[in-house]
Amino acid sequence: MRGAFLLFLTFTLTHAESFITKEEYAAGLYHNPRGVGCQLCHGEEGEGKLIARYRDKGENKSFIGKPLRKLPFRDFYLKLNSRIVGMPRYYLTDTEIQTLYYYLHREEFKRAAPQPPKAK
């Protein structure tokens, strides 16, 4: 009986479709990649966001999360894999970086994807 259950479980896991969509995975990754979501500094759509205003030596300053939406993929990839002051290191895989880029550009990807022919 146990063997039949293990065989069923293996078959189910290897042949089952994903339980979340690509969009849901991408949104989850953007909002919580490793504890601190990208939207907290870069905005819900990657438009950039004011994080804090402060005074330094009598001068008013702002700490701003940079916009991400207009970065070409190569720049996006390089920035995520470099040390930037104020930016946490996430140690993302290449697939996770591609998924984050997809999240920020999902409408463009959807428009560019071939559409199935309409039924007549």
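The questions and answers below concern a predicted model.

Visitor: What percentage of the residues of the chain count as buried?
Guide: A residue is called buried when its relative accessible area is under 20%. Of the 120 residues of the chain, the share that counts as buried is 23%.

Visitor: In which sense do β1 and β2 pair?
Guide: Strand β1 covers residues 49–56 and strand β2 covers residues 59–65. Across the pair, R55 stands opposite N60 of β2. Seven bridges join the two strands, and their sense is antiparallel.

Visitor: Which residue takes a positive phi in the hairpin of β1 and β2?
Guide: Two residues lie between the strands of this hairpin. Most residues other than glycine have a negative phi.

Visitor: Is K57 buried or exposed?
Guide: K57 is found in the loop between β1 and β2. Its relative accessible area is 82%, and the cut-off for exposed is over 50%. K57 is therefore exposed.

Visitor: Where is Y91, and what is its phi?
Guide: Y91 has its place in the loop between α4 (73–80) and α5. With a relative accessible area of 62%, Y91 is exposed. Y91 is not a glycine, yet its phi is positive, at about 55°.

Visitor: How far apart in space are I64 and A52?
Guide: I64 is found in strand β2. Leaving aside neighbours within four places in sequence, I64 is in contact with K49, L50 and I51. I64 and A52 are 12 residues apart in sequence, and their C-alpha to C-alpha distance is 7.0 Å.

Visitor: How are α2 and α5 oriented to each other?
Guide: Helix α2 comprises residues 22–31 and helix α5 comprises residues 94–104. Their axes come within 9 Å and cross at roughly 100°. Angles of 65 to 115 degrees count as roughly perpendicular. The two helices, α2 and α5, are therefore roughly perpendicular to each other.

Visitor: Which residues of α5 make the contact with α2, and how many residues of the contact are nonpolar, polar and charged?
Guide: From α2, the contact draws on K22, E23, Y25, A26, A27, L29, Y30 and H31. From α5, it draws on E96, T99, L100, Y102, Y103 and L104. By class, the contact has nine nonpolar, two polar and three charged residues.

Visitor: Which elements do the buried residues of α2 pack against?
Guide: The buried residues in α2 are A26, L29 and Y30. Seen down the axis of α2, these residues fall within an arc of 100°, so they line one face of the helix. Their packing partners are α3 (39–42) and α5.

Visitor: Which residues does Q39 touch, beyond four places away in sequence?
Guide: Q39 lies in helix α3. Its relative accessible area is 14%, so Q39 is buried. Not counting residues up to four places away in sequence, Q39 touches Y30, H31, E44 and K49.

Visitor: Is H105 buried or exposed?
Guide: H105 lies in the loop between α5 and α6 (106–112). Not counting residues up to four places away in sequence, H105 touches L68, R69 and L71. The relative accessible area of H105 is 4%, against a cut-off of under 20%. H105 is therefore buried.

Visitor: What is the distance in space between R69 and E45?
Guide: R69 is found in the loop between β2 and α4 and, at 31% relative accessibility, counts as partly exposed. Not counting residues up to four places away in sequence, R69 touches E45, G46, E47, L104, H105 and E108. R69 and E45 are 24 residues apart in sequence, while from C-alpha to C-alpha they are apart by 7.4 Å.

Visitor: What percentage of the contacts with a separation of 6 or more comes from residues 24 or more positions apart?
Guide: Contact here means heavy atoms within 4.5 Å. Among the contacts in the chain with a separation of 6 or more, residues 24 or more positions apart account for 43%.

Technical notes. Residues numbered from 1 in each chain as written. Predicted model: local features only at pLDDT ≥ 70, side-chain atom pairs only at ≥ 80, totals over all residues. Heavy atoms only, no water. Pairing = 2+ DSSP bridges. Helix = DSSP H or I, 4+ residues; strand = E, 2+ residues; numbered from the N terminus. Axes fitted to C-alpha atoms, helices over the stretch in contact; angles between N-to-C directions. Parallel < 35°, antiparallel > 145°, perpendicular 65-115°, else oblique. Nonpolar A, V, L, I, M, F, W, Y, C, P; charged D, E, K, R; others polar. Buried < 20%, exposed > 50% of the residue type's maximum accessible area, 1.4 Å probe, protein only. Arc of directions from axis to C-beta.
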